Amino acid sequence: MNTLFMHCRPGFEGEVCSEIAEHAARLGVAGYAKAKPQTACAEFICHEPAGPARLMSELRFSDLIFPRQWARGDFVQLPETDRISVLLEQLSSYPVCGSLWLEVLDTNDGKELSNFCKKFEAPLRKALLGAGRLVDDPHLPRLLLTFKSGREVFLGVAEAGNFAMWPMGIPRLKFPREAPSRSTLKLEEAWHHFIPREQWDERLHGDMTGVDLGAAPGGWTYQLVRRGMLVTAIDNGPMAQSLMDTGLVTHLMADGFTYKPRQTVDWMVCDIVEKPARNAALLETWLGENLCREAVVNLKLPMKQRYAEVRRLLDRIED
């Protein structure tokens, strides 16, 4: 198990390599990162077999920026028939796992493998249970099989509670018909990622107030209203009438970068299309001047040096 395998959004393979290589260097884990463009995955090859386990024990997956999913393990070549016997043999050196996910890469080839995985999962699960390699225990590691083809799979594991919330790290959120734009799902995903689900009733409830900077037509405002909040929507553009009809939204035609509330609000959200440094500075102002208690701001990263830019901004925000 000298390989750490990571899923990512296609086109972000280089960012994943830069991020994991920086963490490995800081932790003293010798190895190298590699990836091919547009493959939706990257690998970190450790010089020592214990390297991936050390990386995964020292890092929290939820703190990583660009990887969508990770697992430590090895690639396994499969025959056309009796794949299960080969997998059972390889798993003899793996820990007993408490759950199973079959995953594919976020590419066209990966999507074509989805039907194969759906058909293969039931017999594989039955065989794993029968062999004692899989038990129903959420406290045990998760077994993660990423199929690159019907003949090649990455056989990986990740410790309980230290992997993506969704298979392949891609949220399965349903777009609400009444929302005015698909951008609404970005804010819902952020809440799932940053706020434990058991805290939603405490941190996202109807007695709260919110400000949406760059709100029109109201995709993010919709999420605040859906939780019953009173919202001030800041944008020179028009808001969806359905949101205005709720009586929970006050629309101010103003500049999101200059507007400040008269008193502290519970939430500030911002999806303005602007340079990331300017949006980061906006976040610093709102938190630093106690204009809001919590915030979600979308950073629109440049095409090049994405990891370097986001790392610089996050360090500045933390300072």
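Where does glutamine 38 lie? Glutamine 38 sits in the loop between β2 (31-34) and β3, and it has a positive phi of about 65 degrees although it is not a glycine. This is a predicted model, in which local features need pLDDT of at least 70 and side-chain atom pairs count only at pLDDT 80 or more, while totals for chains, interfaces and linings use all residues. Residues are numbered from 1 along each chain as its sequence is written, and side-chain values use heavy atoms, with hydrogens and water left out. Helices (H or I, at least four residues) and strands (E, at least two) are DSSP runs numbered from the N terminus.

**Backbone**
- Most residues other than glycine have a negative phi, and most peptide bonds are trans.
- Alanine 216 and proline 217 are joined by a cis peptide bond, with omega about 0 degrees.
- Proline 217 belongs to the loop between β8 (209-213) and α8 (219-226).

**The second largest pocket**
- Its volume is about 300 Å³.
- Of the 15 residues lining this pocket, Lys36, Thr39, Cys41, Leu105 and Lys148 are the closest to its centre.
- On a 1 Å grid over the protein atoms alone, a pocket is an open set of points where a 1.4 Å probe fits, with protein on both sides within 12 Å along at least five of seven lines; lining residues have an atom within 4 Å of a point.
- Grid points are joined across faces, edges and corners, and the volume is the space filled by probe spheres set on the points.
- At least two lining residues come from each of β3 (41-46), α4 (108-112) and β6 (142-149), and β3 gives the most, with 3.
- By class, the lining has 6 nonpolar, 4 polar and 5 charged residues; Ala, Val, Leu, Ile, Met, Phe, Trp, Tyr, Cys and Pro count as nonpolar, Asp, Glu, Lys and Arg as charged, and the others, Gly among them, as polar.

**Aromatic pairs**
- The whole structure holds 13 aromatic pairs (rings of Phe, Tyr and Trp, the last by its six-membered ring, with centres within 6.5 Å).
- One of them, phenylalanine 116 with phenylalanine 120, is stacked (planes under 30 degrees apart), at 5.3 Å centre to centre and 15 degrees between the planes.
- Phenylalanine 116 and phenylalanine 120 are separated by about one helical turn because they are 4 residues apart in helix α5 (residues 114-130).

**Where α1 meets α11**
- Glu15, Ser18, Glu19 and Glu22 in α1 meet Arg306, Tyr307 and Arg311 in α11 (heavy atoms within 4.5 Å).
- This contact of α1 with α11 has 1 nonpolar, 1 polar and 5 charged residues.

Technical notes. Phe/Tyr/Trp six-rings, centres within 6.5 Å; stacked < 30°, edge-to-face > 60°.
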